[in-house]
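Biologist: Could you take me through a few side-chain features of this protein and show me how each should be read?

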Amino acid sequence: MELTNLFLSLHVLLIVAATLAWAIKQSRSLSPRHELNLNYWCLGLVLLTPVCLIPDPFDQEFAPLAKTYQARSYQDWDLQGPQTPEAKLDVPVLAPEGVRMSSVGQWIFGILALSLLLSLIPVASEMVQLRRHLLRSPLIRARGRVRIVCSDEVSVPFSFRGLQYAWVVLPTDMLSDSQHTLMALKHEIQHHRQGDTLWQYPLLLVRGLVGLNPCYSLLQRIIAENQELKVDAALVDQGNVHARDYAQCLVRVAESALRQKHSFVSTTGMVGLSDRHQLTRRIETMFLRKEFARWCAPVLTTFATVLMLSLALKTSHAIGGAGMTLAQVQALADRTPSQYPLAVNDSVVRQLNRYLQTTQGRSFMRGALDRLEEHRPMIEAKIAEYGLPAELIA
């Protein structure tokens, strides 16, 4: 159940992150740099928040709301009689039927498992294809850990961060124009400098876990576009390229992108230029600078953090066991020989399921039973000393 809740939480948070990213993009309230940083922050929350909250965040704060006792008592109590305090108490941690996942939980688990399988296969296949592509591409230059290669199979430059090297792949057709080649090379090197190629690994992880969720594609496209906008601003502001020449280079690469049939989504670079809206926005951003309110970024970051933490907490235990019904608890009470009357009502059922069907409740009961074994001899001795029913050990 914890794994099912984990994947459910990932899907919910991904939907929220993609929705926030889309809304901020449409509002144009942040600069590309701040918008990209907020996208990265939301991506980190999608991955880390469920993992931190699933393992019982309030495990140490769990305390029973009521002292209702409901469990099997002495074995063969009627045969032993009430004057045998040596009888051992048998307290079950789980219900007799075990903790069962509800039918809804089973369906959700099946869908999430299928989604995970169908997502991991394309990711693994693409990484193998990318590795083969890089190894068979001719090396142009090597400097430190940077490897610049050319390829006849691509029409758009891209960059990729491997475990050992930082790769820059240039189309062979582009090498005939030294000016555009130099601009494309500066563009891809800037991706490595600002860490965009490293962020592809968290994106790959999210894709492998919840890749069938359409919100992943939306979030991935928004992040890729903001990465390009940030690179454009950095190159123009630093004076590494002239804005007009750089815009002409983007238009030329966009024309080449229309001929490219396949692109590796695990890479960064001049991606998405076949989309005329993105190309228009990139060129407008270079020539038409806009002033942004500085308070927007921290306010939106705080709002996104609070919202996603709340949702992660709500979904961390959304699916639990089926729970025991009133009739099942009554049958259990009827089979439980006890010196005391065992009242069964909705309150008892609710508390029993709280102990048996929640992660915190089971953890609380396990700790209580562990402590019982340590103190059992002393408790039993005192019960026998005063002639009290041994059932009080519960």
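Predicted model: local features only at pLDDT ≥ 70, side-chain atom pairs only at ≥ 80, totals over all residues.

Biologist: Which residues touch the most other members of the largest nonpolar core?

Modeller: In soluble globular proteins, nonpolar side chains tend to be buried together. Here the largest such core has 35 residues, and those touching the most other members are Leu14, Val206, Leu219, Ile223 and Met308. At least two residues come from each of the helices H1, H2, H6, H7 and H10, with H1 giving the most, namely 10 residues. Leu219 has contacts that include Leu14, Ala17 and Leu43. A second, separate core holds 21 residues, among them Val156 and Leu250.

Biologist: Is Gln227 buried or exposed, and which side chain does Gln227 join through a polar contact?

Modeller: Gln227, which is found in helix H7, has a relative accessible area of 2% and is therefore buried. Its side chain makes a polar contact of 2.8 Å with that of Tyr40, and the residues touched by Gln227 also include His191, Asp196 and Thr268.

Biologist: How many aromatic pairs does the structure hold, and how is such a pair described?

Modeller: A pair of aromatic rings is described by the distance of the centres and the angle of the planes. The structure holds 3 aromatic pairs. In one of them, the rings of Phe160 and Tyr201 have centres 6.4 Å apart and planes at 45°, so this pair is tilted. Because Phe160 lies in strand S3 and Tyr201 in helix H6, the pair ties together parts that are 41 residues apart in sequence. Phe160 is buried at 8% relative accessible area, whereas Tyr201, at 30%, is partly exposed. The rings of Tyr165 and Trp167, by contrast, have their planes at 85° and their centres 6.0 Å apart, so that pair is edge-to-face.

Technical notes. Residues numbered from 1 in each chain as written. Heavy atoms only, no water. Helix = DSSP H or I, 4+ residues; strand = E, 2+ residues; numbered from the N terminus. Buried < 20%, exposed > 50% of the residue type's maximum accessible area, 1.4 Å probe, protein only. Polar contact = N/O pair within 3.5 Å; in protein donor to acceptor, adjacent residues only side chain to side chain. Contact = heavy atoms within 4.5 Å. Core = buried A, V, L, I, M, F, W, Y, C linked by side-chain atoms within 4.5 Å. Phe/Tyr/Trp six-rings, centres within 6.5 Å; stacked < 30°, edge-to-face > 60°. Lists of a residue's contacts leave out its neighbours within four places in sequence.
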